[in-house]
Amino acid sequence: MSGVVDIGYVELFAASALMLVAGLVSWKLELGQTRRIAVSAARMFAQLLAAGFVLMYLFEHQTWWIVLLALAVMVTAATQIATSRVKSSVPGLRAAVFASLFSSSIAVGFVVVEGVMHADPWYNARQLIPIAGMIIGNAMSAIAVAIDRLFADMDSRSNEMFALVALGATPKEAAFPSIKAAIGAGMTPVLATMSAAGIVAIPGMMSGQLLAGADPLAAAKYQIVVMLMLSAANTVAIVSACFLTYRKRFAPDGYYLDKGIRPDNPL
């Protein structure tokens, strides 16, 4: 067997019946999620099919600036999703998250595409866009977890933070325990996935290549590269995000902004 088995549109839309499982459970248990399930399924269909058509055009008419523009759009959307998951309202958060996502996806993605896959040209959309998409999607979730943990931990240590600053500690010194906790929390999911890969589950990249008829050993090698790539990119992204955002809980002169004295600004 070689090549991808094309799924017809009749079969594709018939597969939507699988969503009835979640819908029936929501209806039977009165969870109030029925409308959300339907909307999520409809959005998934529309977004993925639209992405397929856009990628078809991109693969045929790629130029370096169009590829970078596509990456910028992906990072912008990921930034919106990541910041919407953060419970705390933090001024200037979007800019920090965008910078962290964009830098990690470009830096690590370029290393993998150019150094491991030897793409020609370096902006080859068929290789760069999927790799960057995996990086951005994983880093987006990791950043949301890390930033949420960062500000929650800083709030739980508010008295300690006040005391440290009063004793002459810099904002970085006062916040450092929270930064460490946040980075650890952000790194945990991808490390857990790496530990389970090949035993509990066959990850996405390897599964896709096997379905396309690739040699299992070659697919395993690609998946190893992907997991290592995600670990590096997530680490770069969450470290950047934490160090770019912790200072936003402090006033310009260095004292900690408790809940009652924070400026009420949007993200």
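**A loop and its surroundings**

A: P121 is located in the loop that runs between α5 and α6. This is a predicted model, and every value below is computed from it. The peptide bond that leads from D120 into P121 is cis, its omega being near 0°.

The loop between α5 and α6 also holds H118. The phi angle of H118 is near 55°, which is a positive value in a residue other than glycine. H118 counts as exposed, because its relative accessibility is 58% and the cut-off for exposed is over 50%.

W122 is a further residue of this loop, which lies between α5 (93–116) and α6 (125–156). W122 has a relative accessible area of 35%, so it is partly exposed; that class covers the values between the buried limit of 20% and the exposed limit of 50%.

W122 takes part in a nonpolar patch on the surface, together with W64, W65, L69, V73 and F110. The accessible area of these residues together is about 660 Å². Which element gives the most to the nonpolar patch? That is helix α4, residues 64–84, with four residues.

Helix α4 also has a part in the largest pocket. α4 is among the elements that give two or more residues to the lining of the largest pocket, the others being α1 (9–14), α3 (34–60) and α6. The space in this pocket comes to about 1500 Å³. How many residues line the largest pocket? There are 40 of them, and those nearest the centre are Q47, L48, A51, G52 and L55. With 15 residues, α3 gives the most to this lining. By type, the lining of the largest pocket consists of 31 nonpolar residues, five polar ones and four charged ones.

A positive phi also turns up in another loop. E30 is placed in the loop between α2 (19–28) and α3. The phi of E30 is near 55°, and E30 is a residue other than glycine. E30 is exposed, because its relative accessibility is 72%, and over 50% counts as exposed.

The next feature is a pair of charged side chains. Side chains of opposite charge can pair when their charged atoms come close. The structure holds one salt bridge. R157 forms a salt bridge with E160, and the closest N and O atoms of the two are 3.0 Å apart. Are these two residues buried or exposed, or in between? R157 has a relative accessible area of 9%, so it is buried, the limit for buried being under 20%. E160 is partly exposed, because its relative accessible area is 39%.

Further along, A251 is in the segment that follows α10 (216–245). A251 counts as buried because its relative accessibility is 6%. A251 and P171 are 80 residues apart in sequence, while their C-alpha atoms are 9.3 Å apart in space.

Last comes the chain as a whole. The secondary structure of the protein consists of 10 helices and zero strands. Read along the sequence, the pattern is α-α-α-α-α-α-α-α-α-α. The protein has 267 residues, and 34% of them are buried. Taken along the principal axes, the C-alpha atoms fill a box of roughly 70 × 50 × 40 Å.

To return to the loop between α5 and α6, it contains H118, P121 and W122.

Methods
Residues are numbered from 1 along each chain as its sequence is written. Side-chain values use heavy atoms; hydrogens and water are left out. Patches are made of residues with over 30% relative accessible area and no salt bridge: like charges are joined within 9 Å, nonpolar side chains (Val, Leu, Ile, Met, Phe, Trp, Tyr) within 5 Å. Accessible areas come from the Shrake-Rupley method with a 1.4 Å probe; for residues, only the protein chains shown count as cover. A salt bridge is a side-chain nitrogen of Lys or Arg within 4 Å of a carboxyl oxygen of Asp or Glu. Buried means under 20% relative accessible area, exposed over 50%, partly exposed in between (1.4 Å probe, protein chains only). On a 1 Å grid over the protein atoms alone, a cavity is a set of points where a 1.4 Å probe fits but cannot get out, and a pocket is an open set with protein on both sides within 12 Å along at least five of seven lines; lining residues have an atom within 4 Å of a point. Grid points are joined across faces, edges and corners, and a volume is the space filled by probe spheres set on the points. Ala, Val, Leu, Ile, Met, Phe, Trp, Tyr, Cys and Pro count as nonpolar, Asp, Glu, Lys and Arg as charged, and the others, Gly among them, as polar.
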